[in-house]
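I opened the model today to look up a few things about the fold. My notes follow in the order in which I checked them.

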Amino acid sequence: MVNITKRFHNIVANNKVHFDLREGEIHALLGENGAGKTTLMNILYGLYRPDEGEIYIRGKKVNIRSPKDAIRLGIGMVHQHFLFVEDQTVAENLALSCSRSPINPLRDLEEGLRDIERYGIKVDLGSYIWQLSLGEQQKVEIAKILLSGADIIILDEPTSVLTPKEVSELFECLKKMKSDGKGIIFITHKLNEVFSIADRVTVMRNGNVVATLPIERTTKEELAKMMIGREISFEYQRSEAVKGDFMLEVQGLYVIGDRGKESVKGVSFSVRGGEIFGIGGVSGNGQSELVESIIGLRKVKKGRIVVMGRDVTNKSPREISELGVAYIPEDRMRFGIVQNMSIAENAVLKRYHKEPFSSRRVLRYERIVEFAEGLMEEFGIVAPSVHIPTKNLSGGNVQRLVAGRELSGNPRLIVASNPTHGLDISATEYIRNLLVAHRDNGSAILLVSTDLEELLELSDRVAIMFEGRFSGIFKPGEVSSEELGLMMSGGMSLEVGQKG
């Protein structure tokens with residue numbers, strides 16, 4: 001990619017960018033949300049057309065007008081926000097893009113999937129996309145590009161919902177692709193992964209390439225500074241937990257999942273004020289259903305949920321929210337915002353019906369705008385105006401908006417589900433520091449995350465969830481990484497008290 005320039009109105013997303021990928025290479029692409037990485041890759045994949053610049057594939061100049069052109073040239077991309085028809089099955093989604101047999105596409109897919117099983121990628125063709133966890137959906141996306149026969153592969157945050165064991169398996173898969181001569185562009189915000197898998201790294205900031213260099217010629221600290229222009233702390237200083245009253249008590253909870261089976265099976269735990277209680281495990285083991293039942297989005301089959309001493313089992317989300325419960329959802333684009341609504345409108349989604357934002361059922365828009373502008377300033381949301389649709393924001397800015405809206409009311413209980421998923425190191429640092437600050441101010445925090453490093457750094461106590469049950473509750477440092485892996489795979493459980 002030579003001299004690639006892309007503008008959106010008066011914003012320059014890519015400014016004369018040079019980027020190259022070699023055969024049999026894993027090339028990491030780093031940068032903050034909004035640095036221009038995804039725009040550059042969307043140009044390569046044919047979703048955008050560059051305003052200036054040229055693209056060469058195997059030495060030949062090409063004109064990529066659409067993803068169809070890119071796929072024909074052997075380019076495949078796994079997007080950060082997956083591209084599916086959600087109410088169709090896995091087989092139907094794969095057939096739309098991968099099947100070469102108009103007569104028997106399912107047989108064609110089954111043969112292709114058997115071929116890629118050597119990479120450790122297995123999917124259930126009969127499941128509907130909406131029934132799958134994010135981790136399972138990501139595996140379908142990876143299967144899609146492998147089935148298409150791509151040899152230029154773009155992976156945008158591919159490890160975000162994987163366990164350490166699954167990450168290791170994915171890296172082995174990528175190394176096999178690399179040895180087969182495939183070129184892989186690996187977009188990640190996890191600097192440790194860059195040093196584990198990449199041959200070269202390119203750092204972008206504000207639409208420009210800061211540097212491209214072999215991985216052995218740089219350090220984690222240097223890359224972080226190049227990404228954001230300042231030093232980053234990779235440690236989170238916290239005081240010892242001063243536990244207060246019980247803010248959340250979950251007692252013998254059973255919850256039915258979307259597939260009609262029990263996803264949560266007799267889970268019990270509690271969270272006090274001034275404490276971060278972390279829940280980890282492989283995505284799809286009941287964490288999402290547990291969170292949804294706590295905040296009122298999913299009915300409970302059996303058991304009790306008590307918030308601030310009040311039984312809220314099967315109460316509505318509004319009733320639970322008004323007790324002082326904040327919710328930061330895992331999929332912020334689908335469940336955190338209304339994409340076509342403005343920043344201002346999204347900022348008051350949970351309290352538009354209250355003073356000072358409405359009077360006698362009439363919205364007071366000037367107060368809404370004033371509040372949203374204050375939120376943008378306080379939480380560092382970068383946007384031209386509070387009036388633009390939230391779908392135009394970067395992932396990091398959307399998460400800051402959601403966190404700002406949820407945390408601005410000084411909640412007593414915060415339920416955060418993968419709150420830093422897909423964020424750059426600057427936004428990750430910001431969100432994590434916010435959670436620690438609220439914990440130190442006496443809030444209770446339920447942190448559900450597939451990022452074990454995040455859980456162990458932030459949590460006062462941690463539970464690992466496997467097949468709808470807790471494998472045990474422990475304090476960080478009490479369990480080795482090997483034991484953690486066993487707990488996440490069901491090979492080990494701890495007999496630990498459930499009360500904090």
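How many bridges join strand S13 to strand S20, and do they run parallel or antiparallel? I found 5 bridges between S13 and S20 (residues 444-448), and the two run parallel. I took strands (E, at least two residues) and helices (H or I, at least four residues) as DSSP runs, numbered from the N terminus. Two strands pair if DSSP finds at least two bridges between them.

Before going on, I noted that this is a predicted model, where local features need pLDDT of at least 70, side-chain atom pairs count only at pLDDT 80 or more, and totals for chains, interfaces and linings use all residues. Residues are numbered from 1 along each chain as its sequence is written, and side-chain values use heavy atoms, with hydrogens and water left out.

**Entry: strand S13**

I looked up the partner of Ile279 in S20 and got Val448. S13 is also joined to strand S21 (residues 461-466), by 4 bridges, again running parallel. There, Gly280 has Ile464 as its bridge partner.

I then checked how covered S13 (residues 275-280) is, and 6 of its 6 residues are buried. Buried means under 20% relative accessible area, exposed over 50%, and partly exposed in between (1.4 Å probe, protein chains only). One side of S13 carries Glu275, Phe277 and Ile279, the other Ile276, Gly278 and Gly280, and both faces are covered.

**Entry: helix H1**

I went to H1 (residues 37-44) and found it mostly covered, with 7 of its 8 residues buried. The buried set includes Lys37 as well as Leu40, Met41, Ile43 and Leu44. Thr39 and Asn42 are buried too. After H1 comes Gly46, which has a positive phi, near 90°.

**Entry: whole chain**

I counted 17 helices and 22 strands in the protein chain. Its C-alpha atoms fill a box of roughly 70 × 55 × 50 Å along the principal axes. The radius of gyration (over C-alpha atoms) is 23 Å, which agrees with the value near 23 Å for a compact globule of 500 residues. The globule rule is 2.2 Å times the number of residues to the power 0.38.

Of the 500 residues, 54% count as buried. I also looked at contacts (heavy atoms within 4.5 Å). Of those with a separation of 6 or more, 66% are between residues 24 or more positions apart.
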